[in-house]
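Subject: Structure handover

Hello,

Please find the structure below. Notes on what was found in it follow.

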Amino acid sequence: MATMPRLHTHTYATTVTWTGNLGTGTSGYRDYRRDHDVTADGHPVIPGSSDPTFRGDPTRWNPEELLLAALSQCHMLAYLHLCADNGIVVTDYVDHASGTMTTDNTGSGRFTDVVLHPEVTVADPDTVEAATALHDDAHHLCFIANSVNFPVRHQPSTRTG
């Protein structure tokens, strides 16, 4: 008889504060800014807005970018953990992630696809194949990828340096 995994609950808290009132609130669609601050105890403020397509400030993070960043971060952290556990020494890691979102004529939308492009450098040439294979395991461990309803793919490249 297989044992059931023991579940652990983790809770998180953030605060999003709208800072875009230009004096008349939301009196009209063009009468307010989409600016806001994302905060959590003990962390620096993340300046947020909507995508510029939706009247947002292009110098601030938008929710779509933050979702893409969360998927990329989660994969990287799971991957580095697996490499450390498997004796693979990673010396450099960068991911140029990309995502696709579609919207419809009602104003609703959804992500349809995210592709991670991790570029990994490992110390030992003999570990390149194993290091590349660990991306599949990292994908299955990623909390964020396991929480979204669209495909998250990865196209890694691994080299030595």
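D57 is buried, at a relative accessible area of 15% (buried is under 20%, exposed over 50%, partly exposed in between; 1.4 Å probe, protein chains only). This is a predicted model, in which local features need pLDDT of at least 70 and side-chain atom pairs pLDDT 80 or more, while totals for chains, interfaces and linings use all residues. Residues are numbered from 1 along each chain as its sequence is written, and side-chain values use heavy atoms, without hydrogens and water.

D57 pairs with R60 in a salt bridge, with the closest N and O atoms 4.0 Å apart (a side-chain nitrogen of Lys or Arg within 4 Å of a carboxyl oxygen of Asp or Glu). The count of salt bridges is 6. Another joins D35 and R33 at 3.1 Å, N to O; D35 is buried at 8% relative accessibility, whereas R33 is partly exposed at 36%.

D113 and R153 form a salt bridge as well, at 2.8 Å between the closest N and O atoms. This pair links distant parts of the chain, 40 residues apart: D113 lies in strand 6 (residues 109-116) and R153 in strand 8 (residues 152-154) (strands are DSSP runs of E, at least two residues, and helices of H or I, at least four, numbered from the N terminus). D113 is buried at 18%, and R153 is partly exposed at 39%. Through shared partners, salt bridges join R33, D35, D37, D57 and R60 into one network.

Regards
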